[in-house]
Each structure stands twice: as structure tokens, then as C-alpha cells.
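I opened this notebook to record what I looked up in the structure. The entries follow in the order of my checks.

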Amino acid sequence: MFFHMVLERNMQLHPRYFGPHLHEKLTTKLVKDVEGTCSGKHGFVVAVTKVESIGKGLIREGTGFVTFPVKYQCVVFRPFRGEILEAVVTLVNKMGFFAEAGPVNIFVSNHLIPDDMEFQSGDIPNYTTSDGSVKIQKDSEVRLKIIGVRVDAAEIFCIGTIKDDFLGVINDPDATA
Amino acid sequence: MTEPFNRLVKLAARAFYDDFTTKGDNQPKTGRSDNRGMAVVVLDALTRRQWVREEDLAKSLKLHTKQLRRTLRFFEEEKLVTRDHRKETAKGAKIFSAAIAAAADGQQVGKEGDEKTKIHTHSYCCLDYAQIYDVVRYRLHRMKKKLKDELDNRNTIQEYICPNCNRRYSAFDAMQLVSMEDEYFHCESCNGELVAESDKLAAEEMGDGDDNSRRRRREKLKDMLQRMEEQLKPLTLQLARVKDLPAPEFGTLQAWEASVNAAGRGGNNNGSATDASKSAQGQGYGGTPMPYIGETKVEVTIFGADVKDEGAETEAATASLKVLPPWMIKQGMNLTKEQRGELRPDAKVDGSEAYRDQSDEKKQEQKQEDVKSLEEEYLTAYYEAYARMLEASKTAQGEAEVSQQSTSSYLNGVSDTNSARQVGMKVKREDDDDGGIEWEEDVATGILNELSIVNDPNAQPDGSGDEDDDIDWEEG
């Protein structure tokens, strides 16, 4: 799920940027530092939308770096159990398949794949229904449900299932027609 | 009263604790040390008791105290049994004995002579029926949930296990486990191939976890679920039966002792009056432990208990009062007068005409020989009366019909046991000796009564009602 929220961060800026474009420099550095990171508390920071305020800088002794407390608005993404996500399959093997929904890696183990889909090894490993109408392979898009989330300090990993109504492959041309 | 709960305990014991053994799995099971089934015996014994000292229980079960204690501790963990330990002197222990004695024969053990100052820790245990009900339900729920989850693999995080080093992984570790060489997960420490762990329920036929075996496992689970449901059906039925009943509550050891002591003391004052209540609440379900069973009262209590037991066995058929079978009534006939009085207290509630008739009949049955000489007279009198009656009843027919209905319904309503019993008795008699005359006699008494009041016009419909009642019985 996505959230728009205000976060705070202490930015350290090298003395060489002290000058007329200090604020722009600070913002670009913030975006570079923060976007794409993952905190266990808030999830993935997807984008910084606005810098709200930049506090007074504090010059650190010895190094000359200046620490600015920065408040910024950003969009964060955090998966929850029970959430439905759309994801792209990245890897298929006998034990199940891996998929990515943005920054999140999701594993769908083979017992969470409907029973009528069987694993086909070969050049392109895939899961296929007995009539061959539905196929899950690399780069397929699937809709899945999160049934477990493991949140580490800097990583989030999910377990998903496609064994439920309306879950499964969604880029099937027949389905969109 | 506690019978449904006791049955629940017994069923649960047989279902879940039948193969419980206090020995560890690693110890070799010789024939001697194999104590499977002991748990069931202990639980059964506890259903016949309330609070009981563990030593006493061990003694009566002829078990070693240690063995019993181990079993009880297990049940305590399983939340079936509440236990209480307290340090007490020999005198303190006597309080409990007194409580038992009070419950058993209504007498206080007044003697507190030789007091030893030595302090022992005594343990007491008691079934916790309310909790047992919950525990069993929870257990069933968990079993069902586990199987169902397994069956449709819903929301279960797959676990993987390394067959070499037994290291376990969950699906959350999948990212680290995937290897580039082949399509299996590999152990981080020994690089062995991991096996999906949920296959343990059907481990025998699990080969490499391909789809075929997945399907087989499903079938096996389905079968298992089905078997579980049908095999535990008695238990679930009993649970449903018990659902709305209040669980028997004995309270804490102290509270129980106090209440039982109080009841015992009250019993002393009332004398025989407590016998009935005791048989109802105390020994009726074998509630009080063993050592002091009053010998004199045995007969009465056994009778009461018998009735109860029979009720328990046929309880599926009827929850209402039972109609005693004829053989039982024959026995009952031979019983003493008090017992007869005890059997029919409900009929006394309203002493009406019909009831008096019944009692008259009873008396006559008892002194049947005396009556036999009078039978002929009754017969003649009856026919006369009957002839007169027919005329009279023609006039007052409408009235009579109403009252007859009411009386007969009243008779049926009074007590199924009583009227049925009497019918049974009479039928029995008929077999024994000349039944036809016997019947006339009954009818005749009815008529005699009527004759005595036949001049009273108000009594007429009543009398006819009586007569009809008699005829009714004859049919029954």
C-alpha cells in the first residue's frame, strides 16, 4: 500500500557545496540518498515529493561537514498481509516462482499455485495448466495475494499466493479481449 | 447431573489420551513398563470423584504415587485437571478426610486425637469440567484447522527442511536459497537439496514432491479429515449435548471442603432426610471417594444409582422420566413401604378423587388374600351399579364426557411413571394369577366408592369418569 507522509532526516553536506545553490544541492542529494531505500518501519521510499523545511545547519568539528535537519514529504510503499498486488515474474523453478512488485520481491511457492498448473521444465521453465491456456513464465504479469511479509531493517520480502479467486496471470491477451 | 460431562471426559480420554505414556520415547518399552491406557483409567476414576487426595487415588487405583503424579501433571498441563498442593499436618489432612466422611455417610469425624506435628505436602486433584469442555473443543478446532489448511494450502507459509543437516527454512528465506545451477533450493550450510516440509503428514509416499504426489497428498488429507470427523463424531455429539448444560463446579479445594462439610453437618440434623439428597448428589454419580461408604444405606443408593445409570445409557432415547420395565416393578413391589412412598411423591401433590382410588387399589393389592373372599360380592355389586350407572350416565352424558376427558388426561398427566408402573404391575399380576377377577376387583372398588356417593347427584359424573379410567387402564 502507498502512503504519503512526512519524514525527517539529517543531511550532511560537504563544505564545497556551500554557495548560492545550497538548497538545490541539498534537495538533489536528499532525493539521491533516500529514494529507493527501504526502512522496516515505513517501507520503501518511492519518491520525494517536496522538501518542507530545512533547519539550521550545524558545522561539525574536524571535518567541516554541515548537518542540516531536513523535513520532506514522500511516497512510501509497504506491502501488507492480505493485500492484492500485481507483479512481474522474474524467476520460475520447481519450488515456485519469484515475482517483483516494484521494489518488493515476492515468492510464490508451488503449493500456493493452483493444483491444475504443473511445472514444465525446459528452456523456459514455466507453470502451465493442463489445457495450456494459462502459462506462467518469466516476465509474465500475475496478480497475487500477499500472505506473509518479512520486514527486516533494510529489506522486505513477501510470500504470495495465486491460489484464490481472480488471482493469476493478467497479461493474457484473451483475458483482456 | 454430571453424567453428560463425565461421558465427555471418558470419550475425550479414549480419543486423545489412549496411547499416552509417561515414558520417554527413547526408553525401550518392555511389557512391564508399558503403561499405555493408564491415563484413561485415571481420568475415568476422576469422573467418579470430586476432589481427591492423590495418595488415596493412587491407593484405590493400585498405582504407584509417582506414576500417578506424572500422569496427573500431564493432565494438569493439558488443562483437564486442577490440582492443589498444601502443606499440612496429620491433623490438617483430617479436614479433608472429614469432608469425605461427611459426604460419604453424613457423620463428622470428630476425633482429632493423635496429632503429629510433622508437616507433609499433600496434593489434591479434581477434574475441571468447564475447562475440559473448552479444551476439547479447542483441540478439535485445531485439528480440523490444521487439516483444512493443509488441504487447501491456505495461508500456510511453506517450510523447507534440509535432509542432511535438518536445518529448517521458511519460504521467507527463498531468496537466499535459490541456486543458479538447478531449480531446487539448496541448504546454506551444506548445500543439500531442501525438501518441502508440509509433506510430513503424508511422508511415506513423498518422493521428490512432484505434482502427482501433491495430488495424492491431497487425497490422503481429505481422507484423513473425513475419518477424523466420523471417528470423533461421538465426541462432537457429546460436546453439543453438553453445550447448554452448566458445568459441574466444585470450586477450589477449600471451598469444596467447606461446602461438603456444611452439607454433611446439615445431614446429621435431618437424619434420614439427607439420604435422598445424598443419593442424588453425592453417591448418585459416585462423587465421593471411597473409604467411608455407609453400609446401611447401600441398598437405597444403589437403587437410585441404577436408575441413573440406566438413564445414562438410554439417554439418547429419552431425557424425560423413564417408564420402568415390568421386571423392575416386580422388584419394586417387594420393596418396603417407604420406598413405595418415595416412588410416588408427585402423585400426592393434589389428593383428588382419582388419587384416593389409586391408593385404595394399592392397599387392596397388598392384602389381596383378604379381598379375594369379597370378590364375589363386589362382582354382583358392580353389575348392579353398572346397570344403574348406564341409566344415570345417559342423562348426564354430556357432562360426564367432559369430566371423563379431564380426569383421564389428568391421570395421564399426573405421572407417567406412576400410572405406567401400576399398569405394569397389574399386567404382571394377570400373568401370575387369575387376572380377570383381579381386574373386576379394581373396577369394583371404583364402583364401590361410587356407590357410597351415588346418592349424591354431584358425584355422579365423577364416578363415571372413574369407571372409564379403569377401563382405560385395562386396555393399556
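How much area do chain B and chain A bury between them? I noted about 2,300 Å², 58% of it on carbon and sulfur atoms; buried area is the accessible area (1.4 Å probe) that two parts lose on being put together, summed over both.

I recorded that this is a predicted model, in which local features need pLDDT of at least 70 and side-chain atom pairs count only at pLDDT 80 or more, while totals for chains, interfaces and linings use all residues. Residues are numbered from 1 along each chain as its sequence is written, chains are lettered from A and ligands numbered from 1 in the order in which they are written, and side-chain values use heavy atoms, with hydrogens and water left out.

I then listed the residues in contact (heavy atoms within 4.5 Å): 24 come from chain A and 22 from chain B.

I looked for salt bridges (a side-chain nitrogen of Lys or Arg within 4 Å of a carboxyl oxygen of Asp or Glu) and found one between chain B and chain A. A:Arg150 and B:Asp173 form a salt bridge through their side chains, at 3.0 Å from N to O.

On the side of chain B that touches chain A, helices H7 (174–177) and H8 (211–231) of chain B each supply at least two residues. H8(B) gives the most, with four residues. Helices (H or I, at least four residues) and strands (E, at least two) are DSSP runs, numbered from the N terminus.

Finally, I turned to chain A and counted two helices and 14 strands.
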